[in-house]
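Hi,

Here is the structure I said I would pass on. Have a look at it first, and then read my notes below.

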Amino acid sequence: MNRRKFLKTMALAGALAVPGAGAARAGSAGADAPVELATLLDLSRCVGCGECVAACREVNAAKFPEPVRPFPKMFPARVRAEDWSARRDEDGRLTPYNWLTIQTAVVEKDGQELEVHIPRRCMHCVNPPCANLCPWGAAYKRADGVVRINDSICLGGAKCRDVCPWGIPQRQTGVGLYLDLLPALAGNGVMYKCDRCHQRLDAGQLPACIEACPMDVQSIGPREEMAARARALAAETGGHVYGLEENGGTNTFYVSPVSFEALDRAVTHGPGQPHLRPVADVMARDEAFTAAVFGAPLAGLAAGLLTAVRGLRGAGGAGSGKPGSAAGPGKEGGHD
């Protein structure tokens with residue numbers, strides 16, 4: 001690659017990482033461009049059976065981490081390992097092995113007790129701060145609206161979780177590229193979350209959670225169409241919508257028979273258990289927007305370098321995630 005081609009490539013990488021660039025590309029590539037998809041969840045239909053959770057686990061099991069033990073000692077020492085490999089069956093919260101969880105809220109409606117079940121996973125934001133602010137370029141948004149984390153180059157620094165309004169991504173220590181670099185300093189594993197069964201979408205299939213649901217809670221389609229359906233359903237039933245405006249707009253819409261303020265008060269909050277409060281647009285903040293614009297070329301360069309390093313190391317190195325012994329989850333702490 002000559003100097004001119006290199007500079008052109010870097011300029012393009014920076015432009016693609018600017019907030020909103022993914023959506024702009026989708027609209028400018030012509031009729032054959034991927035359509036940004038959104039999901040609509042009618043919470044009045046959900047019975048909390050867990051079929052969606054089980055289907056998600058089954059379909060995505062091959063993507064789950066297999067950590068290598070012993071874990072490297074981290075610097076500083078206060079940084080703790082996050083290991084869920086001995087608790088893979090945990091489904092009461094989001095983990096690296098559980099990308100979809102169901103929250104249950106018991107609320108009052110019209111003087112009667114009502115139980116509302118809320119499937120929770122990545123919201124797939126229209127302008128995702130995780131993708132815009134990842135310093136390594138590991139998180140990114142596809143033109144079809146899917147927000148993914150490239151586990152081949154993710155170093156587990158947890159910036160994506162820090163900037164996510166719902167704290168969705170979850171970390172597994174002892175797996176990933178950081179083991180091949182500077183294990184004590186460079187990250188702490190790999191971050192995991194729902195990727196909307198991208199491999200099934202690419203094959204023209206439905207995400208596993210949607211296909212497996214016996215109550216037709218979820219539907220998926222072009223974002224504008226799903227947004228219109230969400231508004232119409234809420235108007236028809238006297239319901240409430242979440243996800244249309246939160247964080248500047250997401251590609252996940254919930255329609256609930258009761259207010260989301262009431263649901264939020266009734267669900268358990270904590271790590272891996274997202275809230276349902278109103279969320280301002282993270283990327284509308286000056287500091288976040290500036291960081292994204294000026295950090296985009298660096299993130300693009302970092303992603304390219306890490307991809308090259310990954311290729312040189314090969315799939316047989318420590319970072320390949322060979323199976324190892326397991327321990328319980330540690331305290332969740334960032335390590336950038």
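To start you off: which residue forms a salt bridge with Arg142? The partner is Asp144, with the closest N and O atoms 2.6 Å apart. A salt bridge here is a side-chain nitrogen of Lys or Arg within 4 Å of a carboxyl oxygen of Asp or Glu. Asp144 and Arg142 are both buried; buried means under 20% relative accessible area, exposed over 50%, and partly exposed in between, with a 1.4 Å probe and protein chains only.

Some housekeeping before the rest. This is a predicted model, where local features need pLDDT of at least 70 and side-chain atom pairs count only at pLDDT 80 or more, while totals for chains, interfaces and linings use all residues. Residues are numbered from 1 along each chain as its sequence is written, and side-chain values use heavy atoms, with hydrogens and water left out.

The overall picture

The chain has 336 residues, and 50% of them count as buried. Its secondary structure comes to 10 helices and 10 strands. Helices (H or I, at least four residues) and strands (E, at least two) are DSSP runs, numbered from the N terminus. Among the contacts with a separation of 6 or more, 71% are between residues 24 or more positions apart; a contact means heavy atoms within 4.5 Å.

The sheet and the hairpin

Four strands make an open sheet with mixed pairing, in the order E8-E1-E10-E9. Its edge strands, E8 (218-222) and E9 (240-242), each pair on one side only. From one strand to the next, the twist averages 25°. E9 and E10 (residues 252-256) are antiparallel and share three bridges; two strands count as paired if DSSP finds at least two bridges between them. Tyr242 stands opposite Tyr254 in E10. Helix H8 (residues 223-237) lies across E1 (37-42), E8, E9 and E10, and runs at about 135° to E8. For such angles, axes are lines fitted to C-alpha atoms, for helices over the stretch in contact, and the angles run from 0 to 180 degrees between N-to-C directions.

Elsewhere, E2 (residues 101-109) pairs with E3 in the antiparallel sense over nine bridges. Val106 has Glu115 in E3 as its bridge partner. The two strands form a hairpin with two residues between them, and Asp110 in the turn has a positive phi of about 55°.

Arg120 sits in E3 (residues 112-120). The Arg120 side chain does reach the backbone oxygen of His275 at 3.1 Å. Leaving aside residues up to four places away in sequence, Arg120 touches several others, including Trp99, Trp166, Tyr254 and Pro274.

Glu82 and its two arginines

The structure holds 11 salt bridges. One of them joins Glu82 and Arg161, at 2.9 Å from N to O. Glu82 is in the loop between H3 and E2 and Arg161 is in helix H5 (residues 159-163), so the pair ties together parts that are 79 residues apart in sequence. Glu82 also meets Arg171, at 2.6 Å from N to O. Because Arg171 lies in strand E6 (residues 170-172), that pair ties together parts 89 residues apart in sequence. Arg171 is buried at 0% relative accessible area, and Glu82 is buried at 1%.

Most residues other than glycine have a negative phi, and most peptide bonds are trans. With that in mind, have a look at Arg196, which has a positive phi of about 55°, and at Cys197, with a positive phi near 45°. Arg196 is in the loop between E7 (190-192) and H6 (198-202), and Cys197 lies in the loop between E7 and H6 too. Arg196 is buried at 3% relative accessibility, and Cys197 is buried at 6%. There is also a cis peptide bond between Arg69 and Pro70, with omega about -5°. Pro70 is in the loop between H3 and E2.

Over to you!

How values were computed
A polar contact is a pair of N or O atoms within 3.5 Å; within protein, one must be able to donate a hydrogen and the other to accept it, and residues adjacent in sequence count only if both atoms are side-chain atoms.
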